[in-house]
Amino acid sequence: MIIPNKNFWGLADVFRIYGSAWPRSFIMALFGALLTLLIDLTADHGTARRWFSGFIVGGRGPTPLPFQLFAFIVGFGLVFRSTFAYRRYWEARTMLQSMTALFTEMVVQTINFDLGTLPKDATADQLQKAHDFGELFIHLMSLLHAAALANLRLDWDLRNLQAHDGVADPPPMDASELRRIESKRRYKESQEKIQSRRALKLRKTYRAHHFKGKFKVRDFFLLRAKTSIRLAYNELMPIGVVGGLSEEERRALGSERDEEAKQLNVTKGTRLTTGYIVPGAGERTSIVANWVNQAILERRREGGLAVPPPIMTRVYGVLSGGFLAFEQCRKIADTPFPFPVSQLVSGVLLMFALGLPFVVAASIKTTWLACLITFISTWTHYGLNELARDLEDPFLYDPNDLPLARIQYNFNERILAIARTKRPNSKLELGVARVRSLVRDQPAAQSIDPVLGGGATETILEEVLGIELSPASNEP
């Protein structure tokens, strides 16, 4: 996601090329301008005007009414596609935020239900179990959120699920900052051991793309949809998990490092001798969600989360709502924009680019102005189409996809803050505690009113609770 520049009337964004839809529409615009130039050089202006001599309105000369009607249909198709593309983009962002909010709420409820139901005289063993459950639950919810985001961006490499580092700089929101990420990553990877020549070659291939946040020649022709580009981008933007992944969790999630699975050449659905079933990449989110449910049930079996069942169902309801929001995101990720609509819009745009030069050459006598008008009009129409193509898939194509790594970082920081925070006592609560202490210390014979004897109530309100009384009414 590229952050727009709000300064100088947005002119800085107008001239920004990286991440723009302008370059991909430049080739067709240039083609239209050259075609206009060719028509103007090979056919004189009078001959071109006679092409539309049958459409004379008010004696003002020929008017290409049929092409105007066709251009209106082309514009309507572009508006239709761009509108629905933005709807897909915004719905994806809305559902993603709903998933994050519901998973956060689940952490809040579960942690507080567990700690809030501990007995006042809890033993050291009970406190330790509550602490261990809190750490496990934070880790599992972070892993669940990370697995969901990895699924949405089609990232099946478990090496891209790395331990969350709250001290390091967060992943960038703006894809133009990837140059800094790449330089740091290169140094880190030079320190790592790569186990095979194939892995080394593959990683060099990914790094060859150099996500440096700048325009490249291929951006004139291609949306960044190649698999190698997506894999390199995912490698540069790993998703953090609180506590990282253990080897046992990696094997349970179908890690490629499982030597037994490699030797047997098994695929998903195969049960290994270790008892694990090798899952497919798409099932990882459901597997982690199952782990979360198992952790809750085991904790209740230990005596924790001792809230009434009707209240406990709220936790499961929130988890279900979060998972439903994830499925709504996956609906967008798994369902492409309808092919017939995309094909039709692309086809009529091509016909528009081929027909417009004839109309402009017949309408404008000046050669350079005719070429310029054709170039601008074609560039604008194709720019709108490329804009829609970019927004239709909000999870995949950099640099305008949603910043999933940054969203995961913010989620991890949020749930860690929840786990580390205990509500401080307010001033009123501290004052009431002191009042009760003073009441216990007063002799019974001096108790005149229900709280303290002989005018001590005003003293407590003013000196202990810090509440000033009005001199006339003795009321706060």
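The following exercises, with worked solutions, concern the predicted model shown above.

Residues are numbered from 1 along each chain as its sequence is written. Because the model is predicted, local features need pLDDT of at least 70, side-chain atom pairs count only at pLDDT 80 or more, and totals for chains, interfaces and linings use all residues; side-chain values use heavy atoms, with hydrogens and water left out.

**Exercise 1. Overall composition**

Task: State how many helices and strands the protein has, and what percentage of its residues is buried.

Solution. Step 1: helices (H or I, at least four residues) and strands (E, at least two) are DSSP runs, numbered from the N terminus. The protein has 17 helices and two strands.
Step 1: buried means under 20% relative accessible area, exposed over 50%, and partly exposed in between (1.4 Å probe, protein chains only). Of the 476 residues, 41% are buried.
Step 2: contact means heavy atoms within 4.5 Å. Among contacts between residues at least 6 apart in sequence, 76% join residues at least 24 apart.

**Exercise 2. The nonpolar cores**

Task: Identify the residues with the most contacts inside the largest nonpolar core, and the element that gives the most to this core.

Solution. Step 1: a nonpolar core is a set of buried Ala, Val, Leu, Ile, Met, Phe, Trp, Tyr and Cys residues joined through side-chain atoms within 4.5 Å.
Step 1: the largest such core has 57 residues, and Leu96, Met106, Leu161 and Val292 have the most contacts inside it. Two or more residues come from each of α4 (65-116), α5, β2 (239-241), α11, α12, α14 (367-391) and α15 (404-420). The most, 13 residues, come from α5.
Step 2: a second, separate core comprises 14 residues, including Leu349, Val360, Ala370 and Tyr382.
Step 3: beyond its neighbours within four places in sequence, Met106 is in contact with Phe137, Met141, Val292, Ile296, Val315, Val318 and Leu319.

**Exercise 3. Packing of α2 against α14**

Task: Describe how the axes of α2 and α14 are arranged, and classify the residues of their contact.

Solution. Step 1: axes are lines fitted to C-alpha atoms, for helices over the stretch in contact, and angles run from 0 to 180 degrees between N-to-C directions. The axes of α2 (residues 22-42) and α14 come within 7 Å and cross at roughly 150°.
Step 1: this makes α2 roughly antiparallel to α14, given that angles under 35 degrees count as roughly parallel, over 145 as roughly antiparallel, 65 to 115 as roughly perpendicular and the rest as oblique.
Step 2: the contact residues divide into twelve nonpolar, seven polar and five charged. Here Ala, Val, Leu, Ile, Met, Phe, Trp, Tyr, Cys and Pro count as nonpolar, Asp, Glu, Lys and Arg as charged, and the others, Gly among them, as polar.
Step 3: Thr378 lies in α14 and is buried, because its relative accessibility is 0%. Leaving aside neighbours within four places in sequence, Thr378 is in contact with Met28, Ala29, Ala353 and Leu356.
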